[in-house]
Amino acid sequence: MPDDVVARQLAYYRARAGEYDATSYGETPRMRDTIAGVVAEMHIDGDVLELAGGTGAWTVEIARVARSVTYVDGAPEMAAIARAKVDDPAVTFEIADLFSYRPSRRFDVVFFAAWMSHVPDSRFDDFWAVVDDCLAPDGRVLFLDESPARAHFEPAPFDTDDGPLATRTLSDGSQHVIVKRFWEPRALEARLAAIGWSATVTPTVHDWYVGEARRASARRIDQPGQG
Ligand SMILES: C[S@@+](CC[C@H](N)C(=O)[O-])C[C@H]1O[C@@H](n2cnc3c(N)ncnc32)[C@H](O)[C@@H]1O
């Protein structure tokens, strides 16, 4: 894998996996209730692909309402933690880089939490092309991340072609550079419209936003295995 911001960011999350729950969403009953509430509002059903599933905080709740969940993350360390939380034969786990992921089927819902903010500007179109490959003809993309109201928690002062970069420190003192863009909802809708998605991005709890995107117009979708 090339030594670019995508590779370094993934290396950071691999190193952080063991301390992620203690320094992010956490495993508190209150946060689990919040996540369950947001999942309920999204009306998720059918076969779901969860990208950047991390330690499984959302996987657990989505598994309660979906027919199946395919979890994908680039960090085996994250997947190991998620697997230990999810005891459900309808959930399967894959390790893959999200910018080169090739699905073996299409899904009713493609979901990702806390991932949009880490997609480099230079890879935005590539990532959404992968999403397009994963989505069933009438499928929905559902996503959630931090809105600009939370930007004061994490200054990202280095503006580059990849987007704003922030520096994070792990408990061992190591420092890591990541992309962190707090998308303004209207700007994200417009950016997605420019590449053929009809998206609605709205505020929700904790100054997060929730997005729902569909292909703006019917395109011919080749199903895997068909000529
Ligand atoms: C901020 S965490 C979000 C995890 C989870 N969705 C959540 O909300 O707690 C970002 C996740 O993206 C994964 N990740 C980072 N870069 C990746 C890449 N290039 N391909 C696949 N996964 C990646 C990390 O391993 C991490 O689990």
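**Strand pairing and ligand shell in a predicted model**

Author: In this predicted model, strands E7 and E8 form a hairpin with 5 residues between the strands, and Gly173 there takes a positive phi near 90 degrees.

Reader: In what sense do E7 and E8 pair, and over how many bridges?

Author: E7 and strand E8, which spans residues 175-179, pair in the antiparallel sense, with 5 bridges. One of the residues in this pairing is Ala166, whose bridge partner in E8 is Ile178.

Reader: And what about E6 and E7?

Author: Strand E6 (residues 158-160) pairs with strand E7 (residues 163-169) over 3 bridges, again in the antiparallel sense. They form a hairpin as well, with 2 residues between them.

Reader: Which residue of E7 is the bridge partner of Thr160?

Author: The partner of Thr160 in E7 is Gly163.

Reader: Turning to the open sheet: what is the strand order?

Author: The open sheet has 7 strands, arranged as E3-E2-E1-E4-E5-E10-E9, and the pairing is mixed.

Reader: Which are the edge strands?

Author: Strand E3 (91-95) and strand E9 (197-204) are the edge strands, each pairing on one side only.

Reader: By how many degrees are neighbouring strands turned against each other?

Author: On average, neighbouring strands of this sheet are turned by 20 degrees against each other, direction ignored.

Reader: Do E2 and E3 run parallel or antiparallel?

Author: Strand E2 (residues 68-73) and E3 run parallel and are joined by 5 bridges. Asp73 has Ile95 of E3 as its bridge partner.

Reader: What holds such strands together in general?

Author: Strands of a sheet pair through backbone hydrogen bonds, and the pairing is either parallel or antiparallel.

Reader: Where does helix H6 lie?

Author: Helix H6 (residues 185-193) lies across E9 and strand E10 (208-215), and runs at about 165 degrees to E9.

Reader: Now the ligand. Which residues come nearest?

Author: There are 21 residues around the ligand, and those that come nearest are Tyr13, Ala52, Gly54, Gly74 and Ala75.

Reader: Which elements give two or more residues to that shell?

Author: Those elements are helix H1 (5-23) and helix H3 (57-65). H1 gives the most to the shell around the ligand, contributing 4 residues.

Reader: How do the residues of the shell divide into nonpolar, polar and charged?

Author: The shell around the ligand holds 14 nonpolar, 5 polar and 2 charged residues.

Technical notes. Residues are numbered from 1 along each chain as its sequence is written. This is a predicted model: local features need pLDDT of at least 70, side-chain atom pairs count only at pLDDT 80 or more; totals for chains, interfaces and linings use all residues. A residue is near a molecule or strand if its C-beta atom, placed from the backbone, lies within 6 Å of it. Ala, Val, Leu, Ile, Met, Phe, Trp, Tyr, Cys and Pro count as nonpolar, Asp, Glu, Lys and Arg as charged, and the others, Gly among them, as polar. Two strands pair if DSSP finds at least two bridges between them. Axes are lines fitted to C-alpha atoms, for helices over the stretch in contact, and angles run from 0 to 180 degrees between N-to-C directions. Two residues are in contact if their C-beta atoms, placed from the backbone, lie within 7 Å.
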